[in-house]
Amino acid sequence: MLRSWLWTRASALGKLFNTTAFKLTLVYLTVFALFAAFLLGYFAWNTRRLITEQITRTVDAEITGLSEQYNQGGIRRLVFIIDARARRPGSSLYLLTTFTGDGLAGNVGLLGEGVLEHSGWTETVYRRLDDAEGTEHHALVRVFQLPSGFRLLVGRDLEERERLYDVILAAGQWSIALVIVLGLAGGFFVARRVLHRVDAMTETSRTIMAGDLTGRLPTHGSEDELDRLAVNLNAMLERIEALMRGFKEVSDNIAHDLKTPLTRLRNRAEEALRTGRNEGDYRMALEGTIEESDELIRTFNALLMIARAESGQASTPMTDFDAAETVRGVGELYDPLADEKGIALRIEAPAPMPLRGNRELVTQALANLVDNAIKYARPNPGADGAPAEIVVRAVADGDRVRLAVLDRGPGIPTADRGHVVDRFVRLEQSRSEPGSGLGLSLTSAVAHLHGGELRLEDNEPGLKATLVLPRNGPELPQPSE
Amino acid sequence: MRLLIVEDDRDAADYIARAFREVGHVADQAPDGEEGLAFALDRQYDVLIVDRMLPKRDGLSVIGELRAKGIETPVLILSALGQVDDRVKGLRAGGDDYLPKPYSFSELLARVEALARRRGGRGEETVYRVSDLELDRLSHQVTRGKDEIVLQPREFRLLEYLMKHAGQVVTRTMLLENVWDYHFDPQTNVIDVHISRLRSKIDKGFSQPLLHTIRGAGYMIRDK
């Protein structure tokens with residue numbers, strides 16, 4: 001029980017230590033600690049040097065003074081003066097000896113070995129005369145050879161210097177310790193905060209990955225970097241969800257509407273197997289099967305085209321072309337068909353009409369409209385027996401180009417105009433006509449791809465279908481913030 | 001006719017190869033771009049059928065390499081990317097024809113035969129003849145027997161294309177692409193109406209019809 005608790009705590013801690021925030025903290029901490037240590041070390045070293053310098057200067061001055069006294073008043077006077085000075089309390093040390101090393105005056109009892117033998121500066125241990133049982137101290141001393149063999153030692157106790165040094169060192173250690181503790185705590189805190197939010201995000205994205213696209217990342221409204229990331233990710237999720245919804249709708253439609261022709265295909269083959277008497281029967285059935293599968297392939301191609309057109313303009317090449325020529329071309333392509341059905345196809349595209357877009361797709365979109373019009377046009381609308389007429393018209397309208405197809409057919413009821421552009425939608429009266437129900441979907445998708453629209457209006461009677469396209473092609477999407 | 005099929009989908013490649021053999025052609029198969037390139041460099045083919053997306057070496061790069069080495073064998077590109085600019089890219093890379101998947105074998109066969117024929121060199125003749133039908137490409141005159149036939153410009157081009165490929169099946173899509181320069185699939189078979197108009201002009205009143213409908217495939221002009 002305790003073990004598993006410890007284990008989870010330890011792994012949670014490990015996760016915390018593994019965060020970027022915490023690692024950054026560690027790096028900064030090391031840098032700052034090193035810097036502080038360097039600073040304090042420099043400070044301590046300099047202080048020590050300064051104190052040493054001061055000692056040497058005063059000791060030098062004192063030796064100069066004392067040797068002058070000796071020159072003026074001889075050894076007797078020197079003994080007297082040193083005796084007097086040695087009695088004063090303080091950190092000053094004095095010792096005057098004969099050349100054999102016997103003490104004449106001073107306050108130093110014990111000295112390091114061989115100190116007196118050499119002139120100059122030494123750091124040594126010593127014990128004061130008035131403190132014979134006391135502890136040994138450190139001192140900086142100078143031995144000076146007086147004329148006639150006497151030796152003079154003047155020095156200063158170093159305790160003060162060492163104490164100061166210790167104080168600085170201790171302060172240094174404490175401040176570094178403090179820096180480390182505070183830094184670690186800060187890092188810990190920041191890392192925990194960040195980790196907490198990232199964990200929340202991870203949790204949400206996990207549920208999203210598991211298939212629930214409705215989940216959204218938590219935001220705080222604080223507009224910091226994590227919040228902005230979350231907001232952007234949420235926007236992305238929004239888009240993905242919309243796309244997935246569309247995708248699902250489409251695939252449902254496809255599954256449903258392709259089933260029908262596939263079933264027909266299968267039935268035909270089955271029927272041929274059951275009732276076929278000779279090779280001719282089989283051949284006929286097979287030819288029918290091929291025709292039907294061609295129809296299926298066409299439907300697939302149309303679906304692919306729609307998907308391509310809907311997926312955006314990035315991959316669709318746009319060129320400048322003459323829309324009037326496109327209208328005439330489509331008119332020419334469909335003229336015999338209309339003629340055969342007793343329909344007059346009138347093309348009204350006199351002047352050149354530059355348009356930026358995908359010629360192929362615009363042509364196809366227009367062809368679909370003409371195709372529909374021919375399919376539904378009534379050959380004999382009025383009592384006067386005039387032939388039915390379809391007008392294909394190209395009109396420039398400011399910065400837009402309008403390609404309109406007007407017929408006198410049954411039209412589309414107002415209520416249905418919204419959804420006839422959906423895939424596979426076929427109105428009741430058109431069920432008997434051939435067609436996949438994809439023509440208007442494709443036309444509408446092409447219009448949107450070009451930044452335009454497909455307008456379906458009443459031609460009183462009949463249908464007026466208009467492709468409204470911006471003359472200069474689709475506007476590029478503004479880069480969002 | 002000797003063909004090379006470079007296609008990584010084994011089933012599809014087997015099916016095409018078998019179908020080509022059944023109609024009397026020789027078909028080799030290569031499963032990836034490297035092998036396809038090696039085959040094409042090593043042997044003489046009449047037409048190469050190259051899938052656009054291949055393992056080891058992209059189809060377009062295979063074609064580019066062949067063209068760079070001066071091999072001008074006609075190439076038909078097969079592709080699942082049936083978009084306008086994909087076709088343009090494929091043709092620019094040195095392909096001669098482009099067929100998006102899914103396709104029917106009759107379409108593929110018709111196009112491959114047209115490609116092989118193009119290489120055969122009928123393209124440069126100035127007068128096409130099928131039986132007693134004559135089309136003069138320079139004077140734009142069409143005659144059947146002793147009668148002159150008056151055709152609209154588009155009808156002339158339609159007949160010209162059919163006669164250029166006399167004896168071969170020409171599909172509706174091929175006609176739409178080559179006569180109208182449209183690369184889409186009209187919902188209604190507008191082409192059929194154009195053909196029947198043309199037929200009424202060249203065959204009506206003659207005992208022997210020349211323009212035949214091949215069921216499930218397309219059309220063909222031939223003398224019997």
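Okay, let me start with one pair of residues: A:Leu454 sits opposite A:Leu467, and the latter belongs to β13(A). This is a predicted model, so please hear everything today with that in mind.

The crossing of α6(A) and α7(A) is right-handed. If you want to click on residues, the α6(A) side includes A:Val330, A:Leu333 and A:Leu337, while the α7(A) side includes A:Val362, A:Leu366 and A:Val370. By class, that contact has 11 nonpolar, three polar and one charged residues.

On to the other sheet in chain A. Six strands make an open sheet, in the order β2-β1-β6-β5-β4-β3, and the pairing is antiparallel. Which strands stand at the edges? They're β2 (103-106) and β3 (108-111) of chain A; each has a single partner strand, so one side of each has no neighbour in the sheet. Neighbouring strands here are turned by 35° against each other on average, ignoring direction.

Inside that sheet, β1 (residues 92-97) and β6 (residues 151-157) of chain A pair in the antiparallel sense over six bridges. There's a leucine pair here as well: A:Leu95 stands opposite A:Leu153 in β6(A). Lying across β1, β2, β5 (137-145) and β6 of chain A is helix α2 (residues 20-87), which runs at about 140° to β6(A).

One residue to look at on its own: A:Leu243, in helix α4 (residues 225-275) of chain A. Buried or exposed? A:Leu243 counts as exposed, because there are 12 C-beta neighbours inside 10 Å, and the exposed class takes 12 or fewer. From A:Leu243 to A:Ser311 is 68 residues in sequence, and 9.9 Å in space, C-alpha to C-alpha.

For chain A overall, we have eight helices and 13 strands. Of the 481 residues in chain A, 25% are buried. Taking contacts between residues at least 6 apart in sequence, 61% join residues at least 24 apart.

Last topic, the contact between the chains. Chain A gives 28 residues and chain B gives 21. On the chain A side, α5 (279-310), α6 (323-340) and α7 (359-376) each give two or more residues, with α5(A) giving the largest share, 10 residues. That side divides into 10 nonpolar, nine polar and nine charged.

And on confidence: the predictor gives the complex an ipTM of 0.78 and a pTM of 0.60. Chain B averages a pLDDT of 84, with 94% of the residues scoring at least 70.

Note on methods
Residues numbered from 1 in each chain as written. Chains lettered and ligands numbered in written order. Predicted model: local features only at pLDDT ≥ 70, side-chain atom pairs only at ≥ 80, totals over all residues. Contact = placed C-beta atoms within 7 Å. Helix = DSSP H or I, 4+ residues; strand = E, 2+ residues; numbered from the N terminus. Nonpolar A, V, L, I, M, F, W, Y, C, P; charged D, E, K, R; others polar. pLDDT = per-residue confidence, 0-100. Buried ≥ 20, exposed ≤ 12 C-beta atoms within 10 Å, placed from the backbone. Left-handed = near helix turned anticlockwise from the far one by under 90°. Pairing = 2+ DSSP bridges. Axes fitted to C-alpha atoms, helices over the stretch in contact; angles between N-to-C directions.
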